[in-house]
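Let's take a friendly walk through a protein model together.

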Amino acid sequence: AGINSGLLNPFGANSAEALQYIDSTKAFGTFSAGKGTATGVDARFNRELFAMGGGNAAISLGAEARREGYSTDTNDDLVNNVPSAGRSPYHVSDASRNVMALSTEVLLPVSKQLELQAAARYDRYSDFGSSFNPKIGFRYTASPELVLRGSANTGFRAPSLDDVYGPQAVTFTQNPYNDPVLCPNGVATSNAVESRDCDQQAQAKQGGNPNLKPEKSKSFSLGTAFQPSKNLLFTVDYWNVRLNSKIGAFPEQTVFADPAKYANRFVRCNQVSAAEAANLSRCDLPGSTAIAYITTLTDNLGNVRTDGLDFTAAWQTETVLGRVTVNYDGTYVNSYKYQREPDGEYIQNVGMYKDSSPVFRWKHNLSATLAKDNMRYTLGMRNLSGYTDENADPDFINQVGSYTVFDLGVSYTGIKNLTLGA
């Protein structure tokens with residue numbers, strides 16, 4: 001206090017000496033550095049097989065092999081000197097895995113109206129095992145103006161190396177909570193510090209998790225394309241996706257909603273080392289049983305069930321002003337239900353902010369372009385429907401309105417090898 005008494009001016013400009021003093025309290029440097037690599041080779045072979053009613057059958061064969069590498073390293077001196085950043089020394093050196101994949105696709109033009117497709121892919125990960133995923137599809141031309149189409153397939157996604165080995169850090173939760181032990185139901189116990197344990201943001205450890213499992217999915221789609229004239233096209237497609245073992249950060253809401261079930265995710269100050277406690281502001285009292293942090297590392301959260309409709313339209317025509325093109329893309333989400341935990345209840349997310357984001361019931365992009373000679377003029381509109389905001393207090397519900405953005409652009413291509421735009 002004596003060194004800066006009368007030196008710092010919070011209400012106006014500071015002297016060079018004051019700024020130098022402020023800089024002396026700062027820590028500069030890189031907290032950590034990470035590196036990811038992928039080295040691989042792939043090949044593909046295509047050929048026609050035999051004649052069918054609608055043309056020649058064809059096959060495509062593919063193979064791929066790659067090696068993925070990952071490393072991350074903290075600057076321990078800087079991390080230890082800036083505990084408010086929520087980082088701890090963390091080192092992963094040369095983590096790697098090998099991936100091999102085989103794929104095939106067959107096209108069968110059964111007749112002039114009906115075309116069938118079949119495909120399959122086999123993946124083998126050195127750290128997550130193997131998976132075989134087939135796909136079937138069809139395209140039926142009911143008339144020159146109308147086409148029906150559909151497909152069904154399974155899917156597989158191994159956790160990325162960053163999902164598995166990513167740096168872990170302690171940060172604040174999104175929402176305030178009561179400590180279930182020191183402030184149950186908002187009532188402070190004799191051992192509580194109300195400003196720390198009651199209706200306050202806790203801290204959460206986030207980052208990679210070596211115990212992850214792959215995501216697996218099943219999906220199908222069915223749709224139609226209608227072209228009443230050569231200048232006008234409409235499409236409508238229904239899609240349905242079932243995703244199992246979704247990968248994401250374990251939700252803080254789930255931990256605090258059932259503290260008995262997730263007691264092992266509460267790490268208290270008397271359970272951490274003295275060195276770790278020194279980096280946590282909530283653990284500044286000796287022998288404290290306050291929550292040091294909850295663990296919300298990346299995890300397999302449960303399943304996702306979602307379905308909806310995609311719409312597109314395209315129209316173009318020649319006018320005295322130039323060629324006019326109009327494009328439209330829209331998506332209607334009928335349902336998006338997910339689990340916060342394996343075997344947990346399904347939570348509807350459409351039109352509501354849940355956990356980390358809303359799922360918009362409706363969104364679309366509409367654009368119109370006029371092109372003549374070397375000039376192009378474009379007007380676009382992007383729209384997202386509204387949603388019900390999240391609030392821990394059900395007495396205060398906020399409705400967020402729809403969101404629309406208009407874009408206007410112009411470009412000039414009259415100079416060789418150059419496009420100018422605004």
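In this predicted model, the count of salt bridges comes to 18. What lies behind such a pairing? Side chains of opposite charge can pair when their charged atoms come close. For the count, a side-chain nitrogen of Lys or Arg has to be within 4 Å of a carboxyl oxygen of Asp or Glu. Let's visit a few of these pairs.

Start with Lys26 and Asp23, whose side chains meet in a salt bridge with 3.5 Å from N to O. Are these two residues buried or exposed, or something in between? Lys26 has a relative accessibility of 45%, so it counts as partly exposed. Asp23 is partly exposed as well, with a relative accessible area of 38%.

Next, find Glu64, which forms a salt bridge with Arg121; here the closest N and O atoms are 3.5 Å apart.

Now move along to Arg382, which forms a salt bridge with Asp407, the closest N and O atoms being 3.1 Å apart. Because Arg382 lies in strand E21 (residues 375–384) and Asp407 in strand E24 (residues 403–415), the pair ties together parts that are 25 residues apart in sequence. Arg382 is partly exposed, with a relative accessible area of 41%, and for Asp407, also partly exposed, the value is 34%.

Thr37 touches Glu68 along with Arg67 and Gly69, if we leave out residues up to four places away in sequence. You can find Thr37 in strand E1 (residues 32–52), where it counts as partly exposed at 34% relative accessibility. Look for Ser96 too: although Thr37 and Ser96 are 59 residues apart along the chain, their C-alpha atoms are separated by 9.1 Å.

Let's step back and look at the chain as a whole. How many helices and strands are there? The chain has 6 helices and 25 strands. Its radius of gyration is 29 Å, well over the 22 Å that the globule rule gives for 422 residues, so the chain is more spread out than a compact globule. The C-alpha atoms fill a box of roughly 90 × 55 × 50 Å along the principal axes. Of the 422 residues, 32% count as buried. Contacts tell us something about the fold as well: among those between residues at least 6 apart in sequence, 61% join residues at least 24 apart.

Our last stop is the empty space. Rolling a probe the size of a water molecule over the atoms shows where empty space is left. The largest pocket has a volume of about 430 Å³. Its lining is made up of 21 residues, and the closest to the pocket's centre are Ala249, Pro251, Leu301, Asp355 and Ser356. Strands E8, E11 (247–249) and E16 (322–339) and helix H5 (252–257) each supply at least two residues of this lining. Sorted by class, the lining of the largest pocket has 8 nonpolar, 9 polar and 4 charged residues.

A pocket is open, but a cavity is a space that the probe cannot get out of. Searching the whole structure gives 2 cavities of 30 Å³ or more. The second largest cavity has a volume of about 50 Å³, and its lining includes Tyr177, Asp179, Phe256, Arg282 and Ile291. Helix H4 (194–197) and strand E8 (200–206) are the elements that give two or more residues to this lining. Which of them gives the most? That is E8, with 3 residues. By class, the lining of the second largest cavity has 4 nonpolar, 2 polar and 4 charged residues.

Conventions
Residues are numbered from 1 along each chain as its sequence is written. This is a predicted model: local features need pLDDT of at least 70, side-chain atom pairs count only at pLDDT 80 or more; totals for chains, interfaces and linings use all residues. Side-chain values use heavy atoms; hydrogens and water are left out. On a 1 Å grid over the protein atoms alone, a cavity is a set of points where a 1.4 Å probe fits but cannot get out, and a pocket is an open set with protein on both sides within 12 Å along at least five of seven lines; lining residues have an atom within 4 Å of a point. Grid points are joined across faces, edges and corners, and a volume is the space filled by probe spheres set on the points. Helices (H or I, at least four residues) and strands (E, at least two) are DSSP runs, numbered from the N terminus. Ala, Val, Leu, Ile, Met, Phe, Trp, Tyr, Cys and Pro count as nonpolar, Asp, Glu, Lys and Arg as charged, and the others, Gly among them, as polar. Buried means under 20% relative accessible area, exposed over 50%, partly exposed in between (1.4 Å probe, protein chains only). The radius of gyration is taken over C-alpha atoms; the globule rule is 2.2 Å times the number of residues to the power 0.38. Contact means heavy atoms within 4.5 Å.
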